[in-house]
Amino acid sequence: MHKRLFSLSRLNELDHLTFEKFQPRGQINLGPLQADSLERAFDQSRHFAQTLQGWLLLQGPYGCGKTHLAAAIANFAVGLGVPTLFLTVPDLLDTLRFTYDNPETTFESRFEQIRGSVLLVLDDFGTQNATAWAQEKLFQILNYRYINRLPTVITTNQNLKEIEGRIRSRLLDPELVTSVEIVAPDYRNPADDTGHHELSSLVILSDRTFGNWSDRHGEGLTGTDLQTLDQAFQAAYKFAENPKGWLIFSGTYGCGKTHLAAAIANYRASLGDPPLFVVVPDLLDHLRATFNPESTVRFDRRFEEVRTASLLILDDLGTQSMTPWVREKLYQLLNFRYNARLATVITTSDKEAEIDPRLYSRMLDKRLCTFKGISAPSFRGMQSKESRPASRRRN
């Protein structure tokens, strides 16, 4: 039985993935939140391997280390003589499908081998084609293991909301399931060590920081202009240290709104907590692209990623063509975040009358939103020698 199970796995290809070869704090310069999440996943995985009690759910993006930890658990268990089955979910489903044309085994016997394995490790849950047959077989396997409390490891890059409801309800059982989310970036792409979301435009704005913000004292601006710039800076820095509520910057093109929004994002990224920074016209293009039949991402998944981001920064709200579809999607996005009280930064060059009144009424809610209008004109690049860096002028 042990040999038959091992032959179904691809552990012989993954025998190098062990706890000893895993770097708990990451192999690149991670921020503290990213490194902490990775170390927590390592500690929980090692504890699970030693006890084989309950279920372990590892969530995180591609390349963050989920498969290494899952394989390390499986290799550790095999070393102890525990019958272990390690399968990616697409391979599991293919294994079951092939039994229909395999005279050497039956579907029933193969199905029983999988669902009854002493330890079952399911890698890449959610990458399978979600046909009705696939959903039903996965539910039957996991429901059997749930009822019998059989040790199970699952890795996924999906949000739990995207997982079929019956399976999701079992994964949310705190008495059985230990859930760990890894927020580290892809270790196979160390050049991008910020962990930015694929939609994020922050990479091209990495030079916009609080440290190189100009107070513009050498431009001959009015006292009111300088005051609104300073107030916007102070609000941005305060928000960056503790992102809560909404922060809205309004003003003409080039007045500094994007710099402050990017400075907030870069500050959070430096702490290992990169937000989703996206220019609104680009966001709408990304959403439209999901309607392409060749798109690998569904619209509902992309939209959910954006509207539920822990910190969302929307740059240039209002520069997009306001079709009825655009209006409705932006309203749905921001209304959800308003009701959920999710941290949000918005920059806009629109006048009050040009903003969708449904959105504007929410922006004016002082219980949640801080509105900072910048009256200064576009930056002309002149700064007096006496002007000090804005980062030294914090209150």
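Modeller: Gladly, and here is a term to start with: a crossing is left-handed if the near helix is turned anticlockwise from the far one by less than a right angle, and right-handed if clockwise. This is a predicted model, where local features need pLDDT of at least 70, side-chain atom pairs count only at pLDDT 80 or more, and totals for chains, interfaces and linings use all residues. Residues are numbered from 1 along each chain as its sequence is written, and side-chain values use heavy atoms, with hydrogens and water left out.

Colleague: Which hand does the crossing of H11 and H12 have?

Modeller: Helix H11 covers residues 299–307 and helix H12 residues 324–340, and they pack at an angle of about 45 degrees with axes 9 Å apart. The crossing of these two, H11 and H12, is right-handed.

Colleague: Which residues of H12 make the contact with H11?

Modeller: Contact means heavy atoms within 4.5 Å. From H11 come Phe 299, Phe 303, Val 306 and Arg 307, and from H12 Trp 325, Lys 329, Gln 332, Leu 333, Phe 336 and Arg 337.

Colleague: Is Gln 158 buried or exposed?

Modeller: Gln 158 sits in the loop between strand E4 (152–156) and helix H7 (165–171). Not counting residues up to four places away in sequence, Gln 158 touches Gln 59, Phe 125, Gly 126 and Ile 163. Buried means under 20% relative accessible area, exposed over 50%, partly exposed in between (1.4 Å probe, protein chains only). Gln 158 has 10% relative accessibility, so Gln 158 counts as buried.

Technical notes:
Axes fitted to C-alpha atoms, helices over the stretch in contact; angles between N-to-C directions. Helix = DSSP H or I, 4+ residues; strand = E, 2+ residues; numbered from the N terminus.
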